[in-house]
Amino acid sequence: MLDLAITGGTCVLPTGTQAADIGVKDGCIVLVGGAGSLPQAARTVSAENRLVIPGGIDPHIHCLMPVRAPGRPDVLTDPPSQVSKAALHGGTTTLIDFVQCVHERTVQESIAQTQAAWKDACYCDYGFHLTLMGEVPTPHFGQLADAMQDGHASIKIFTTNIRPGNLGRMVPHGHIWEALKVVAAQGGIACIHAEDNDIVMFMYEKLVRENRVSFEHMAEVHNALSEELSFNRVIRLAENVEGAALYMVHVSAATGVAALAQSRARGFPMYGETLHQYLMYNAEDYKRPGGQMFHTYPSLKFPEDQKRLWEATNRGAIQVIATDELCCPLRVKLQGSRIDDTTGGNSGVEPRVGLMYTQMVTKRGYSAEHFVDMISSNAARIMGLYPRKGALAVGSDADIVLLETGLSKTIRAADLHETDYTPWEGHVVTAWPTVTIKGGNVVVENGAFHGDLRHGKFLKRKVSDEIRSRPAV
């Protein structure tokens, strides 16, 4: 007998979108068949008039991360229990966060500390990128290789310190070069926050000197030229390391899109992530009341950049739409008002799936398959989780979402589950999850939450040779 049957829905399968029933046993999909073809099940969920998709994957979130501002004590972002609950309400079932590999601990000790904070504390399944910090200690390269063999398939590298005084984050290019050699040898992928540190820090100094320090000027500091210079430099570095694959996080500018597209055209395994923040807001939104609400790092850019980003999501240089989730109360989000103290990141993991369906399928005519690729399947492929995650297929985990489409639903902070504000207040969406199934368990049903922290599992990952050998998605 099946544990669960999902019947009567229109399913987005790897082979295309079609009417199908899905059978689940022991947390996995065991049958995909025509209407009425499934054997008896302990429970049946009707998906009639619903679009059935694999659970969303957000490969870029930050839980329990210190929010630092000059002259104020650090505040930690919200914990995985809170963020993962919101994620499940919004149709996302897998999260990837970060381990900061600080110098005073071994890489393995840093991993253990982060895993201890997440164990039995996350409703979703989860994984970690390993964030290298500053001038990487020589022993860390060998430790990094061991950690990647143990299922941590991706690293994170900053090419900038982001803000003045935020020292120790930027990894020098020689160290990046060495790290890319390790990652390539271990079959992993490098996630790059790429901005030109010299340009960024010069612009901070220039604007402070000119007394133009309001956060409304942020796009002058974290500018498109900085993205162009840094993207091209780190991409050329990777192109000279055999087997090196890059995942450029939060692409924000047309210049970043162009750099990625050029390398992909040369046949190199380069992948791009953007955020729904960049696709739907621009630098003019900084001028709105509480405009810090819309900010993330790098800064919002301009309408022409948004145009190029949207074009790149149409089977171009951008494969993934993530959030750079940083969940905190509104008082923390608004605590800074200068170019050098404004809080980055946003609470966005819950509305992401509904917003992107609206923008991609309803407004731009993308196919359901393309939408699923951008919010789930491509992240699974690139990050070494496919087809366990990101697919409605026999053998895949039973992470399944039933979307009601054809809606006219207004997003309100009071209806969400992340924090006390949302930058998406007032946006109207045409789709929203009515049922979320994680590992075969119905965890959200018509707004009621039934999640269990014991069900969140750490995911060991391995990036496929196909992803690392060429631009495969």
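Which residues of E11 are buried on one side, and which on the other? On one side they are Asp125, Gly127, His129 and Thr131, and on the other Tyr126, Phe128, Leu130 and Leu132. Buried here means under 20% relative accessible area, with exposed being over 50% and partly exposed in between, for a 1.4 Å probe and protein chains only. Strand E11 covers residues 125-132, and eight of its eight residues are buried.

A quick word on the ground rules. This is a predicted model, where local features need pLDDT of at least 70 and side-chain atom pairs count only at pLDDT 80 or more, while totals for chains, interfaces and linings use all residues. Residues are numbered from 1 along each chain as its sequence is written, and side-chain values use heavy atoms, with hydrogens and water left out. Helices (H or I, at least four residues) and strands (E, at least two) are DSSP runs, numbered from the N terminus.

**The sheet**

E11 sits in an open sheet of eight strands with parallel pairing, in the order E6-E10-E11-E12-E13-E14-E15-E16. Strands E6 (56-58) and E16 (320-322) are the edges, each pairing on one side only. On average, and ignoring direction, neighbouring strands are turned by 30° against each other. Two strands pair if DSSP finds at least two bridges between them.

| Strand pair | Bridges |
|---|---|
| E10 (residues 92-101) and E11 | eight |
| E11 and E12 (residues 154-158) | two |
| E15 (residues 270-275) and E16 | three |

As for individual partners, Gln100 has Thr131 of E11 as its bridge partner, and Leu130 has Ile155 of E12. Over at E16, Ile321 stands opposite Thr274.

E11 also takes part in two β-α-β units. One is right-handed and runs through E10, helix H2 (residues 107-118) and E11; another, also right-handed, is made by E11, helix H3 (residues 138-149) and E12. Right-handed means that, with the strands pointing away from the viewer, the path from the first strand over the helix to the second runs clockwise.

**Helices on the sheet and on each other**

Helix H8 (residues 254-265) lies across E14 (246-248) and E15, at about 155° to E15. H12 lies across E6, E10 and E16, at about 135° to E16. Angles run from 0 to 180 degrees between N-to-C directions, and axes are lines fitted to C-alpha atoms, for helices over the stretch in contact.

H12 (residues 352-362) also meets H13 (residues 368-382): their axes come within 10 Å and cross at roughly 140°. In contact (heavy atoms within 4.5 Å) are Arg352, Val353, Met356, Tyr357, Met360 and Val361 of H12 with His370, Phe371, Met374 and Ile375 of H13.
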